[in-house]
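Hi there,

Here is the structure I promised to pass on, with some notes on what turned up in it. Have a look at it first, then read on.

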Amino acid sequence: MDVKIGRFFDSVGSFFGGGDNIPWCDRDIIAGCENEVSEAGNAENKNDSLMRLSWALVHSRQPEDVNRGIAMLEASLDRSASPLQTREKLYLLAVGYYRNGDYTRSRQLVERCLEFAPDWRQALTLKKAVEDKIAKDGVIGIGIAATAAGLLVGGIAAVVASARKR
């Protein structure tokens with residue numbers, strides 16, 4: 001289990017150390033965090049363990065893990081002990097919604113994080129990733145709409161041309 005927790009901290013460390021990519025988390029790390037929660041003695045340790053588990057879940061490649069992490073964070077958001085803890089939970093929720101493809105909700109949450117700390121590099125990195133996805137989806141949407149309009153105009157032209165030949 002110590003190796004799994006070590007990988008968790010390596011993953012977090014690489015993210016905070018300068019990597020611009022949002023890290024992924026595997027099932028072994030999630031399982032280690034779940035064990036840590038079940039073995040936590042006092043309330044403070046359990047809260048810390050739950051935050052690590054939430055982090056692992058929203059960084060998972062499995063949608064059901066991400067959804068579970070989002071649910072945990074939303075349920076605990078109003079019980080945050082400090083503005084720093086609220087900021088962390090908002091950030092993790094933004095990551096979860098980003099992973100689920102709800103980029104609008106993710107952007108709203110990351111902007112709330114930046115109200116607490118406008119120069120927070122991780123939140124700025126996530127905001128850029130979200131905005132890049134929104135822009136990419138918008139360009140794809142415009143391309144699909146233009147193609148559909150072109151096909152419609154082409155179809156109408158074909159019908160008109162066919163009617164004129166008769």
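Keep in mind that this is a predicted model. Let's start with the inside: the largest nonpolar core is made up of 35 residues. Those with the most contacts inside it are Ala 56, Tyr 91, Leu 92, Leu 93, Tyr 98, Ala 123 and Leu 126. Six helices, α2 (27-39), α3 (43-58), α4 (63-76), α5 (83-100), α6 (103-116) and α7 (121-165), each put at least two residues into this core. Which helix gives the largest share? That's α5, with eight residues.

Leaving out residues up to four places away in sequence, Leu 126 touches Ile 22, Tyr 91, Ala 94, Val 95, Tyr 98, Ser 106 and Val 110.

Now for the rings. Searching the whole structure gives two aromatic pairs. One of them is Tyr 91 with Trp 120: the ring centres are 5.0 Å apart and the planes are at 50°, so this pair counts as tilted. Tyr 91 belongs to helix α5, while Trp 120 is in the loop between α6 and α7, so the pair ties together parts that lie 29 residues apart in sequence. Are these two buried or exposed? Both Tyr 91 and Trp 120 are buried.

Key
Residues numbered from 1 in each chain as written. Predicted model: local features only at pLDDT ≥ 70, side-chain atom pairs only at ≥ 80, totals over all residues. Heavy atoms only, no water. Core = buried A, V, L, I, M, F, W, Y, C linked by side-chain atoms within 4.5 Å. Buried < 20%, exposed > 50% of the residue type's maximum accessible area, 1.4 Å probe, protein only. Helix = DSSP H or I, 4+ residues; strand = E, 2+ residues; numbered from the N terminus. Contact = heavy atoms within 4.5 Å. Phe/Tyr/Trp six-rings, centres within 6.5 Å; stacked < 30°, edge-to-face > 60°.
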